[in-house]
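Hello,

Here is the structure I promised to pass on to you. Please open it first, and then read my notes below alongside it.

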Amino acid sequence: MNLKINGTDTTIDTPSLTVVELLKQQNVDMPDMVSVQLNGEILERDAFENTTVKDSDEVEFLYFMGGGAIDAG
Amino acid sequence: MIRLPKAIVDEIAAQANEEAPNEACGYLAGTDGTVRKRYPMTNVDASPDHFTLHPKEQFAVLKQAREAGLTLLAVYHSHPETPARMSDEDIRLANDPNTIYLIHSLLDGGTKGFTVDRDKSVTEVPVEIFE
């Protein structure tokens with residue numbers, strides 16, 4: 001199927017897969033640390049496992065960004 | 001290496017001062033390792049020792065940068081009272097091995113860049129500031 005992933009046309013050699021499977025394929029080791037937008041809608045993280053990506057879908061993902069000037073004591 | 005126009009460094013410093021005592025944050029976009037544009041972001045934590053970007057704002061900036069022909073090269077934040085170095089919390093929450101984490105310190109005015117690998121090893125990235 002053909003997807004647009006982070007703005008790039010991408011062909012995936014399977015008819016469908018879940019968001020978690022897609023993230024693994026995109027070398028994302030920790031799906032809990034990314035936000036995913038599917039066809040313009042932000043997905044809740046607990047929906048990653050059960051949401052299926054289909055042909056012509058547009059998927060955006062980016063990493064959670066945070067930090068702070070705190071050192072472990 | 002990341003190349004930063006001095007004007008953008010000055011803008012980061014100004015934003016950091018404006019938002020102090022809280023941490024300020026944002027994205028830097030550009031091409032071929034040279035920053036062309038700064039996207040200031042909301043620190044949803046509004047905290048002097050922590051920052052978090054809002055995913056909705058992140059996606060919006062990602063698309064704006066892409067439409068401008070730019071790539072997100074770095075995410076920056078300020079340390080209001082500590083040096084420009086990766087704190088334990090910065091390292092713990094650095095999940096993207098492909099971005100540069102830039103820190104601007106209001107303590108000493110320093111600006112430093114770092115990458116963090118999947119195994120959490122930190123490497124300082126040279127920051128070249130040009131006029």
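**What I found**

In chain B, strand β2 (residues 25–31) and strand β3 (residues 34–41) run antiparallel and are joined by seven bridges. If you want a pair to look up, Gly26(B) has Pro40(B) in β3(B) as its bridge partner. The hairpin of β2(B) and β3(B) has two residues between the strands, and Asp32(B) takes a positive phi there, near 50°. Please keep in mind as you read that this is a predicted model.

Now to chain A. Five of its strands form an open sheet with mixed pairing, in the order β2-β1-β7-β4-β5. At the edges are β2 (8–11) and β5 (41–42) of chain A, each of which pairs on one side only. Within this sheet, five bridges hold β4 (residues 34–38) and β7 (residues 58–63) of chain A together in the antiparallel sense. There you will find Gln37(A) opposite Glu60(A) of β7(A).

Next, the place where the chains touch. How many residues does the contact take from each chain? Chain B gives 26 residues and chain A gives 19 residues. On the side of chain B that touches chain A, at least two residues come from each of β4 (51–52), α2 (55–67), β5 (71–79) and α3 (88–92). The element that gives the most to this side is α2(B), with six residues.

Which of its residues are buried? They are Gln58(B), Val61(B), Leu62(B) and Ala65(B). Looking down the axis of α2(B), you will see these buried residues fall within an arc of 105°, so they line one face of the helix. The face turned away from that buried side carries the exposed residues Lys56(B) and Glu67(B).

What does the buried side of α2(B) pack against? Its buried residues pack against strands from both chains: β4 and β7 of chain A, together with β2, β3 and β5 of chain B. The helix α2(B) lies across β4, β5 and β7 of chain A, and runs at about 115° to β7(A). After α2(B) comes Gly69(B), with a positive phi near 80°.

Is Glu81(B) buried, exposed or partly exposed? It counts as partly exposed, because it has 14 C-beta neighbours inside 10 Å. Leaving aside residues up to four places away in sequence, Glu81(B) touches Ala69(A) and Leu107(B). Between the C-alpha atoms of Glu81(B) and Gly113(B) there are 18 Å, and the two residues are 32 residues apart along the chain.

Enjoy exploring, and write back with any questions.

Best wishes

Methods. Residues are numbered from 1 along each chain as its sequence is written. Chains are lettered from A and ligands numbered from 1 in the order in which they are written. This is a predicted model: local features need pLDDT of at least 70, side-chain atom pairs count only at pLDDT 80 or more; totals for chains, interfaces and linings use all residues. Two residues are in contact if their C-beta atoms, placed from the backbone, lie within 7 Å. Helices (H or I, at least four residues) and strands (E, at least two) are DSSP runs, numbered from the N terminus. Two strands pair if DSSP finds at least two bridges between them. Axes are lines fitted to C-alpha atoms, for helices over the stretch in contact, and angles run from 0 to 180 degrees between N-to-C directions. A residue is buried if 20 or more other C-beta atoms lie within 10 Å of its own, exposed if 12 or fewer, and partly exposed in between; C-beta atoms are placed from the backbone. The arc is that of the directions from the helix axis to the C-beta atoms.
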